[in-house]
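Hello,

Here is the structure we talked about, handed over for you to look through. My notes on it follow below.

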Amino acid sequence: MDLSLDQQLRALVRDVPDFPKPGILFRDLSPLMRDPRAWRLVVEGLAAKVESHSPELIVGIEARGFLVGNALAFAMDRGFVPVRKPGKLPGPVEAIDYSLEYGSDRLEIQEDALAGTPRVLIIDDLLATGGTAAACASLVEKAGGVVCGYGFVAELTELSGRNRLQKNLPIEALISY
């Protein structure tokens with residue numbers, strides 16, 4: 001019997017209880033990245049899901065979004081733009097501060113990274129509460145890009161993160177928990 005893509009990938013995700021703090025069940029995607037066949041399925045699966053959104057650039061959110069986004073950009077023959085934590089990018093930057101369930105954070109993008117108003121696909125490894133992805137979308141728009149959708153390897157549906165993202169845009173995930 002053939003397993004669905006979700007089942008094949010889910011079999012390689014490691015559950016780590018009480019990480020990074022007690023009561024949290026961390027979904028570790030590292031085993032997917034270590035397995036070249038599984039990683040190919042991830043990249044090809046995401047590419048198939050997001051191709052119709054016609055992105056011109058892929059924006060990856062630090063840090064694991066860099067791994068997923070860069071591989072996806074390569075597979076789709078698109079450019080890649082990193083969105084980073086403060087103080088990591090050279091030159092002038094656009095920035096946005098945002099709230100998390102346990103504090104606040106800041107994201108930055110190089111000021112000229114989205115010149116020409118490109119269609120941008122936002123990529124990260126995991127959609128949980130949606131705060132970081134929503135902040136990234138605001139930052140992309142502030143920097144001149146047009147968000148055309150979101151892509152994630154996994155989504156924790158019980159946390160309703162997609163409710164914080166723009167309702168009119170596609171949100172793709174390969175694995176749902």
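Helix α3 passes helix α4 in a right-handed crossing. Please keep in mind that this is a predicted model. Two packed helices are described by the angle between their axes and the distance between the axes. Here the axes of α3 and α4 come within 9 Å and cross at roughly 65°. That makes α3 roughly perpendicular to α4, because angles of 65 to 115 degrees count as roughly perpendicular.

Which residues make the contact between α3 and α4? On the α3 side they are Trp39, Val43, Leu46, Ala47 and Val50. On the α4 side they are Leu67, Val68, Ala71, Leu72, Ala75 and Met76. By class, this contact of α3 with α4 has 11 nonpolar residues, with no polar and no charged ones. An α-helix has 3.6 residues a turn, so residues three or four places apart point the same way.

**Helix α4 itself**

Helix α4 covers residues 64-76, which is 13 residues. At 1.5 Å a residue it should span 18 Å, and its end C-alpha atoms are 18 Å apart, so the two values agree. The buried residues of α4 are Gly65, Phe66, Val68, Gly69, Ala71, Leu72, Ala73 and Met76. What covers them includes the helices α2 (30-34) and α3 (36-50). The cover also includes the strands β3 (57-61), β4 (79-83), β7 (119-127) and β8 (146-155). After α4 comes Asp77, whose phi is positive, near 60°.

**Helix α5**

Helix α5 (residues 131-142) has 12 residues. From its first C-alpha to its last it reaches 16 Å, close to the 16 Å expected at 1.5 Å a residue. In α5, the buried residues are Gly131, Ala133, Ala134, Ala135, Cys136, Ala137, Leu139 and Val140. Their cover includes β3, β4, β5 (93-100), β6 (103-110), β7 and β8. α5 is followed by Gly144, which has a positive phi, near 105°.

Most residues other than glycine have a negative phi, and most peptide bonds are trans.

- A cis peptide bond joins Phe19 and Pro20, with omega about 5°. Pro20 is found in the loop between β1 (14-17) and β2 (25-28).
- Asp18 lies in the loop between β1 and β2. Its phi is positive, near 60°.
- Another cis peptide bond joins Glu62 and Ala63, with omega about 0°. Ala63 lies in the loop between β3 and α4.
- Ser160 has a positive phi, near 55°, and is in the loop between β8 and β9 (171-176). Ser160 is partly exposed, with a relative accessible area of 34%.

**Two single residues**

Is Glu155 buried or exposed? Glu155 lies in strand β8. Its relative accessible area is 4%, and it counts as buried because the cut-off is under 20%. Leaving out residues up to four places away in sequence, Glu155 touches Leu127, Arg162, Ala173, Ile175, Ser176 and Tyr177.

Tyr102 is in the loop between β5 and β6. Its relative accessible area is 60%, and it counts as exposed because the cut-off is over 50%. Tyr102 and Gly130 are 28 residues apart in sequence, and their C-alpha atoms are 14 Å apart in space.

Regards

How values were computed: Residues are numbered from 1 along each chain as its sequence is written. This is a predicted model: local features need pLDDT of at least 70, side-chain atom pairs count only at pLDDT 80 or more; totals for chains, interfaces and linings use all residues. Side-chain values use heavy atoms; hydrogens and water are left out. Helices (H or I, at least four residues) and strands (E, at least two) are DSSP runs, numbered from the N terminus. The expected span of a helix is 1.5 Å times one less than its number of residues. Buried means under 20% relative accessible area, exposed over 50%, partly exposed in between (1.4 Å probe, protein chains only). Contact means heavy atoms within 4.5 Å. Axes are lines fitted to C-alpha atoms, for helices over the stretch in contact, and angles run from 0 to 180 degrees between N-to-C directions. Angles under 35 degrees count as roughly parallel, over 145 as roughly antiparallel, 65 to 115 as roughly perpendicular and the rest as oblique. A crossing is left-handed if the near helix is turned anticlockwise from the far one by less than a right angle, and right-handed if clockwise. Ala, Val, Leu, Ile, Met, Phe, Trp, Tyr, Cys and Pro count as nonpolar, Asp, Glu, Lys and Arg as charged, and the others, Gly among them, as polar.
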